Amino acid sequence: MKIEGRSGGNILEIDVEGQASVEAVIHDEFEHAAERGDAFSWTNVTYDPDAADTIILIRNDHTTKNLHILGFSFNGDTASTIKCHLTDKTNPTPAGTLSIVGVALNSILGGIPLATAFGDETANTQGTIVYNFKIEANKHYDIDLHGAVILGTNNSFAIDYVSAATAAYTTVLGYYKER
């Protein structure tokens with residue numbers, strides 16, 4: 001027996017014992033977002049942070065989609081504490097010395113995220129700390145947040161470098177999903 005999809009679509013063959021064989025490919029939400037052009041990265045390349053600098057802040061400017069922060073990577077030349085925090089709509093408009101444009105992770109579709117991002121961000125007040133950890137000098141860290149940090153419109157995710165350093169960098173990965 002064969003079961004055929006509409007308009008000559010896919011065919012599912014069922015054997016004499018009433019069994020069908022199928023193959024499945026499992027994608028996580030980040031992969032789906034990348035396929036539809038909704039996955040981005042924001043990078044503050046080698047940067048010289050002062051003590052207590054917000055080395056990157058990303059604000060979701062999308063009015064119909066939430067921005068999920070998948071995770072981030074980090075490195076600095078000085079041992080320090082890293083504080084990741086969330087700010088809400090009451091914080092002022094982000095500002096800083098380095099405007100950062102998100103990069104689409106699907107190079108075929110391209111696009112620019114509806115987000116405002118700055119390195120050396122200067123206008124925010126440290127919000128609710130959601131992740132706080134110590135780093136060693138010159139060691140690379142990959143932090144997986146599993147997309148659990150979710151930013152609504154005008155909400156921000158920021159990373160502060162507590163100690164002064166001469167070189168630090170970070171990359172944040174995120175994706176948009178309809179509310």
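Me: How many bridges join strand E6 (residues 80-87) to E12?

Reply: A word on the predicted model first: local features need pLDDT of at least 70, side-chain atom pairs count only at pLDDT 80 or more, and totals for chains, interfaces and linings use all residues. Residues are numbered from 1 along each chain as its sequence is written, while side-chain values use heavy atoms, with hydrogens and water left out. Strands (E, at least two residues) and helices (H or I, at least four) are DSSP runs, numbered from the N terminus. E6 and E12 run antiparallel, and the number of bridges joining them is six.

Me: Which residue of E12 is the bridge partner of Arg59?

Reply: Two strands pair if DSSP finds at least two bridges between them. Strand E4 (residues 53-60) runs antiparallel to E12, with six bridges joining the two. In E12, the bridge partner of Arg59 is Ser156.

Me: How many of the six residues of E12 are buried?

Reply: Here buried means under 20% relative accessible area, exposed means over 50%, and partly exposed lies in between (1.4 Å probe, protein chains only). Both faces of E12 are covered, with Ser156, Ala158 and Asp160 buried on one side and Phe157, Ile159 and Tyr161 on the other. Out of its six residues, the number buried is six.

Me: Which strands stand at the edges of the five-stranded open sheet?

Reply: The sheet has the order E8-E3-E13-E5-E11, with antiparallel pairing. Inside it, strand E3 (residues 39-47) and strand E13 (residues 168-178) pair over seven bridges, and Trp42 stands opposite Val172 in E13. Each edge strand has a single partner strand, so one side of it is left without a neighbour in the sheet; these edge strands are E8 and E11.

Me: How far apart in sequence are the parts that the Lys65 and Glu178 pair ties together?

Reply: A salt bridge is a side-chain nitrogen of Lys or Arg within 4 Å of a carboxyl oxygen of Asp or Glu. The side chains of Lys65 and Glu178 meet in one at 4.0 Å, N to O. Lys65 lies in strand E5 (residues 65-76) and Glu178 in strand E13, so the distance along the sequence is 113 residues.

Me: In the salt bridge between Asp61 and Arg59, which residue is buried?

Reply: These two side chains meet at 2.6 Å, N to O. Asp61 is partly exposed, with a relative accessible area of 24%. At 15%, the buried one is Arg59.

Me: Which residue's backbone oxygen does the side chain of Thr153 reach?

Reply: Thr153 is in the loop between E11 and strand E12 (156-161) and is buried, with a relative accessible area of 18%. A polar contact is a pair of N or O atoms within 3.5 Å; within protein, one must be able to donate a hydrogen and the other to accept it, and residues adjacent in sequence count only if both atoms are side-chain atoms. At 2.6 Å, the side chain of Thr153 reaches the backbone oxygen of His62.

Me: Is His146, with its positive phi, buried or exposed?

Reply: Most residues other than glycine have a negative phi. Phi of His146 is near 60°, and the residue lies in strand E11 (residues 141-151). With a relative accessible area of 62%, His146 is exposed.
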